[in-house]
Amino acid sequence: MKRILISLYLFLFFSSCFESGGEKQKEEENKQTLYLTTLYLIRQSGNCIKTDTTLSTNNQFCSRRPLGVCSVNQLILTQSELNVILNDMRTIQNRTADCQESILQSGILSLKATTATETENLKSKYNFRVAETCELEGFQTSAGTRFANFTEIQWLESARGRIAKAAKAISANTFLPQANRDRANSCLILEYKDWEKDLAQGNYENKILVEIVHP
C-alpha cells in the first residue's frame, strides 16, 4: 500500500520537472487523479474488527471489509439497497423457475429496511476499528478455511449470493424429498457460473468465512 502511494507521488513529481507552461492544466488533472486514486486505495485498505459491547468474551469479529465500509453501515439495510436485492431476486425468479424454492428459503422476502431506532441500537451495541490485517490482530483461520475477500462478501450478501446459498442448503439436505433437491440443483446449474457455485458451496460448508471470532 505504502509503496503504491510513494510510486504515484514520485511519478507526478518527476513529470512536473519537465512540464512547460502549456501543461499546467494537465498537471492539475494529474493531481486530481492522484487524489482520487489515493482516496480509493485508502478506502480499500485494511480489515475490519467489529466488537459486540454486550458480550464479555468472544466479542470481537474480523472480516476483510476495508476501511471504507468499516462502520455500523455494514449492518444497516437501506430502502434503496433492499430495492436492489428485490429487483435482482425478481430477475432470477422470472428467468429460472427452479429457483423459486431457493428464493423462499433465502430469507430475502423477509428482509426489511433498517429503521432509525434499529440504527441507533446497532450504534450503541457495536464498535468498529480498522486493522492492517485480521491475522496481525490474532484472528486465525483453521486448516482448510479462509476469509472471504471483500468482493466475495459483497456477492454472498447480494440476492444472487443469498439464493445460491439457499439452493446449496436445500440440495445438501437429505431429509428433503429428492424432487426439492433436484430443483435446487437445477437452479444452480441453470442460473449460476462455476465460481459462484464454488463460493456458495465454500460458504455453506464454513470453508470460506465472511468473518471469524477472536479466539
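Q: What makes the set around Ile108, Trp155, Ile163, Ala164 and Tyr192 a nonpolar core?
A: In this predicted model, these five have the most contacts inside the largest nonpolar core, which has 25 residues.

Q: What does Ile108 touch, leaving out residues up to four places away in sequence?
A: Its list is Ile85, Leu86, Met89, Ile103, Ala159, Arg162 and Ile163. Touching here calls for heavy atoms within 4.5 Å, so each of these residues meets that cut-off with Ile108.

Q: Which residues belong to another core, apart from the largest one?
A: That core has eight residues, including Ala131, Cys134, Phe139 and Leu209.

Q: Why are strands E1 and E2 said to pair?
A: Pairing needs at least two bridges, and E1 (residues 47-52) has four to E2 (residues 60-63), so the two count as paired. They run antiparallel, and Cys48 stands opposite Ser63 in E2.

Q: How do you know that E2 pairs with E6?
A: Three bridges join E2 to E6 (residues 211-213), in the antiparallel sense. The cut-off is at least two, so this counts as a pair too. Phe61 has Val213 in E6 as its bridge partner.

Q: How confident is the predictor in this chain?
A: The mean pLDDT is 88, and 80% of the residues reach 70 or more. Over residues 37-42, though, the pLDDT is below 50, and that stretch has nine contacts beyond near neighbours in sequence.

Definitions and conventions. Residues are numbered from 1 along each chain as its sequence is written. This is a predicted model: local features need pLDDT of at least 70, side-chain atom pairs count only at pLDDT 80 or more; totals for chains, interfaces and linings use all residues. Side-chain values use heavy atoms; hydrogens and water are left out. A nonpolar core is a set of buried Ala, Val, Leu, Ile, Met, Phe, Trp, Tyr and Cys residues joined through side-chain atoms within 4.5 Å. Buried means under 20% relative accessible area, exposed over 50%, partly exposed in between (1.4 Å probe, protein chains only). pLDDT is the predictor's confidence in each residue, from 0 to 100.
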